[in-house]
Amino acid sequence: MKPLALALAAIIASTGAAQALDFTRISSERAFRQFVADRTLVDDFGGTLIFAGNGGIGGQRDRSRISGGWVWNEGALCHRTRIDGLEFERDCKLLYIRGNVVVMQEKRGTSSQQTWTLR
């Protein structure tokens, strides 16, 4: 049983984890708007993020306010995000979904990933 648990942990830790765990790629703006836009994404620590249908970003992490903007570009969600007015991230992410779980892989799928729950 232990080797199986280690193998599963290795799959989850890899950048291809979303594909390996039967997630469906959100590859179009239409699908993004249908499944994610205007819904609240919640992380494991209670932080929230909303990608509004008008291209804005809102949310909260700890006591900080999140804002910014997004566009869909060549199959990826590209965004500029600020915390309390200070820019802290510009990135294009690949998105995957399974049920109410969304995985965002940074740098067009070549870097780390974040997992969110849709509300």
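C92 has a relative accessibility of 19% and therefore counts as buried, the limit being under 20%. The model in which this residue sits is predicted. C92 forms a disulfide with C78, and C92 is also a member of a core of seven residues. The chain has 119 residues, of which 38% count as buried.

**Disulfide**

- The structure holds one disulfide, formed by C78 and C92 with their sulfur atoms 2.0 Å apart.
- A disulfide is a covalent bond between the sulfur atoms of two cysteines.
- The S-S torsion of C78 and C92 is about 110°, so this disulfide is right-handed.
- C78 belongs to strand β6 (residues 76–83) and C92 to strand β7, so the pair ties together parts that are 14 residues apart in sequence.
- C78, with a relative accessibility of 11%, counts as buried, and C92 counts as buried at 19%.

**Overall fold**

- Four helices and nine strands make up the secondary structure of the chain.
- Along the sequence, these elements follow the pattern α-α-β-α-β-β-β-β-β-β-β-α-β.
- Among contacts with a separation of 6 or more, 35% are between residues 24 or more positions apart.
- The chain has an accessible surface of about 7100 Å², and carbon and sulfur atoms account for 52% of this surface.

**Nonpolar cores**

- In soluble globular proteins, nonpolar side chains tend to be buried together.
- The largest nonpolar core has 19 residues, and the members touching the most other members are I26, F32, L41, F51 and V102.
- Two or more residues of this core come from each of α3 (29–35), β3 (48–51), β5 (64–73), β7 (86–98), β8 (101–105) and β9 (113–118).
- Strand β5 gives the largest share of this core, three residues.
- Leaving aside residues up to four places away in sequence, L41 touches V36, G47, T48, L49, F51, V102, M104, W116, T117 and L118.

**Aromatic pairs**

- Three aromatic pairs are found in the whole structure.
- F32 and F51 form an edge-to-face pair, with 5.9 Å between the ring centres and 70° between the planes.
- F32 is in helix α3 and F51 in strand β3, so this pair ties together parts that are 19 residues apart in sequence.
- Both F32 and F51 are buried.
- The ring centres of F32 and W70 lie 4.9 Å apart with the planes at 70°, so this pair is edge-to-face.
- Because F32 lies in helix α3 and W70 in strand β5, the pair ties together parts that are 38 residues apart in sequence.
- W70 is buried, as is F32.
- F32, F51, W70 and W72 are linked into a cluster by ring pairs.

- T117 lies in strand β9.
- The relative accessibility of T117 is 23%, so this residue counts as partly exposed.
- Not counting residues up to four places away in sequence, T117 touches T40, L41, V42 and N100.
- The C-alpha atoms of T117 and G99 are 9.1 Å apart in space, and the two residues are 18 residues apart in sequence.

Definitions and conventions
Residues are numbered from 1 along each chain as its sequence is written. This is a predicted model: local features need pLDDT of at least 70, side-chain atom pairs count only at pLDDT 80 or more; totals for chains, interfaces and linings use all residues. Side-chain values use heavy atoms; hydrogens and water are left out. A nonpolar core is a set of buried Ala, Val, Leu, Ile, Met, Phe, Trp, Tyr and Cys residues joined through side-chain atoms within 4.5 Å. Buried means under 20% relative accessible area, exposed over 50%, partly exposed in between (1.4 Å probe, protein chains only). Contact means heavy atoms within 4.5 Å. Accessible areas come from the Shrake-Rupley method with a 1.4 Å probe; for residues, only the protein chains shown count as cover. Rings of Phe, Tyr and Trp (its six-membered ring) pair if their centres lie within 6.5 Å; planes under 30 degrees apart count as stacked, over 60 as edge-to-face and the rest as tilted. A disulfide is a pair of cysteine sulfur atoms within 2.5 Å.
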